[in-house]
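Dear colleague,

Please find below the structure that I am handing over to you. My notes on it follow directly after.

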Amino acid sequence: MLARLQTYSLFGIEAVPVDVEVDVSGGALPATVLVGMPDAAIRESTHRVARAMVNSGFNRPNDRIVVNLAPAELPKQAATFDLPITLGILVGSGQVSADRLADYAVVGELSLEGSTRPTRGALSIAMAAARQRRERPAADRPLRGVVVPAASATEAAVVEGIDVIPVSSLAEAVRFFAGEIDIPPAPPRVDEWFDRYAAYDVDFADVRGQEAAKRALCVAAAGGHNLLMVGPPGGGKTMLAKRVPTILPPLSAAESVETTRIYSALGLMQPGQPLLATRPFRAPHHTISEAGLIGGRSVPMPGEISLAHHGVLFLDELPEFNRRTLEVLRQPLEDGSVTISRAKSTARFPADFMLVAALNPCPCGYRGDPRRACSCTAPQIDRYMSKVSGPLVDRIDIHLEVPSVPFRDLAASRPGTSSSQMREAVLSARGRQAARFGARPGRPPLCNARMSSRDIREHCRAEPAATELLRAAVADLGLSARAHDKILRVARTVADLDGVDVITCGHISEAINYRLLDRSLWQ
């Protein structure tokens, strides 16, 4: 007999429909043959499937079994084919009926005892099923839902427009498809997950001193600007960076789903948390490879910049990173996405993140520190600073000096500016930007850091004195055209924080002060 089921295979972060065809035929030597470009995990599933059937009270057919995974040219990955293959064998051997097989897609890994295990990419799979249901012609039999392991059902149930049926074992799945039991779909509980997981455990109030740095971080968050902090060790650069997500606008439901499916596809979701409710913060070690940073592998998978999507990517000790690794950031910083091309496939991953980087002013770290002498020579400092290329620095809007914290600030009993105070200012500025650029259905509002050259000419109207100040700065500092535009973008954000439409000399002056590495003192 021949059995047909529908399942999904992850390709990057996308779920692709796959048809599982199982043919059980007698009169031949017993064997199980898998065709359709299965990977090692799927090829090994024959042993798991056989023991799961027996331990669940079914018989492993003593026949020749051929399992075809179509389309044949698509590489199939992961162990999520266990459940559909097992059901296909049981239906093909006549042990169970197939009343509901055409109505539901099936995914899931099985243990030897027949229980289901969590599935990577459950959210992407549910999104693909919902999309397929919408796009299927009315004349065809509609796809009602997707059957997933119970441990992954809450994640998949976030998607509307499709029934998510949780099953905890092979036996339960068999009874459901045979029509012996009805399993209610898992309810979407998006509001509950946001209420439970939307709080941050850090706050800017914990940071003593560094009020000027907090102001710069507030400007960066308000306009979505990339930021680079320069200062001696122990000044609080890492502490400040870890708190940047707390002042960004709250993660919307659409942004949460888009980011969560990246983590889900890589198996990085925390147990019991089906949805990301806070903006991600990623801080990779400086030994990371190019593929680890932007994504790679033979079948493309996302890297750290995609894991930081809608959040913050923090690169500490920036000159310690491999220069070639840093150079691959240039295109994603401009486009908000990254395209990974391999010989047999190409994948595009979202990478709309806020870059926050930190470095010491010299190899020893104490150049310009009034309390400790610097032991570095001029050639050593030049070699150290040249590890970060000019084009990459040009793509960072704000360069900020973070000095050592004096003792009086460390010993002060009054807390500093809190995250809630800074977030209030950020939300006000983001509101002005949303009104200025208009709504973008299905996409986050445009912020000042993403303004095009045409947007700059239209929305960055400055006083004559402010324009003259900018002209003098470009001439004296030898700024590039990109740096000129970034000063205007930052000045526009400073003006938004002040609640005014026209850019003044004070706004331009503050924006110029945030171009620390363009000054000859630091070159």
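Which residue in β14 does Arg282 stand opposite? Arg282 stands opposite Leu313.

Before I continue, please note the conventions. This is a predicted model, in which local features need pLDDT of at least 70 and side-chain atom pairs count only at pLDDT 80 or more, while totals for chains, interfaces and linings use all residues. Residues are numbered from 1 along each chain as its sequence is written, and side-chain values use heavy atoms, with hydrogens and water left out.

Overall picture

The chain contains 22 helices and 18 strands; these are DSSP runs numbered from the N terminus, helices being H or I of at least four residues and strands E of at least two. Its C-alpha trace spans about 90 × 45 × 45 Å along the principal axes. Of the 523 residues, 52% are buried, where buried means under 20% relative accessible area, exposed over 50% and partly exposed in between, with a 1.4 Å probe and protein chains only. Among contacts (heavy atoms within 4.5 Å) between residues at least 6 apart in sequence, 76% join residues at least 24 apart.

The five-stranded sheet

Arg282 and Leu313 belong to the pairing of β11 with strand β14 (residues 312–315), which is parallel and has two bridges. Two strands count as paired if DSSP finds at least two bridges between them. The open sheet of five strands has the order β11-β14-β17-β10-β18, with parallel pairing. β11 (281–282) and β18 (398–401) stand at its edges with a single partner strand each, so one side of each has no neighbour in the sheet.

In strand β17 (residues 354–359), six of the six residues are buried. In a regular strand the side chains alternate between the two faces of the sheet. Both faces of β17 are covered, with Met354, Val356 and Ala358 buried on one side and Leu355, Ala357 and Leu359 on the other. β14 is joined to β17 by four bridges in parallel, and Phe314 stands opposite Val356. Strand β10 (residues 227–230) likewise runs parallel to β17, with four bridges; Met229 has Ala358 as its bridge partner.

Other elements

All 11 of the 11 residues of helix α3 (residues 82–92) are buried, so α3 is largely enclosed by the rest of the structure. Just after α3, Gly94 adopts a positive phi of about 80°.

Strand β9 (residues 163–167) has four of its five residues buried. Five bridges join β9 to strand β8 (residues 145–149), and the two run parallel. Val148 has Pro166 in β9 as its bridge partner.

The axes of helix α8 (residues 211–223) and helix α21 (residues 481–498) come within 9 Å and cross at roughly 100°; axes are lines fitted to C-alpha atoms, for helices over the stretch in contact, and angles run from 0 to 180 degrees between N-to-C directions. The two helices are therefore roughly perpendicular, the class for 65 to 115 degrees (under 35 is roughly parallel, over 145 roughly antiparallel, the rest oblique). In this contact, Arg215, Cys218, Val219, Ala222 and Gly223 of α8 meet Val490, Thr493, Val494, Leu497 and Asp498 of α21.

Finally, Gln6 in strand β1 (residues 2–11) is buried, with a relative accessible area of 12%. Residues that Gln6 touches include Val18, Tyr104 and Arg136.

With kind regards

Conventions
Lists of a residue's contacts leave out its neighbours within four places in sequence.
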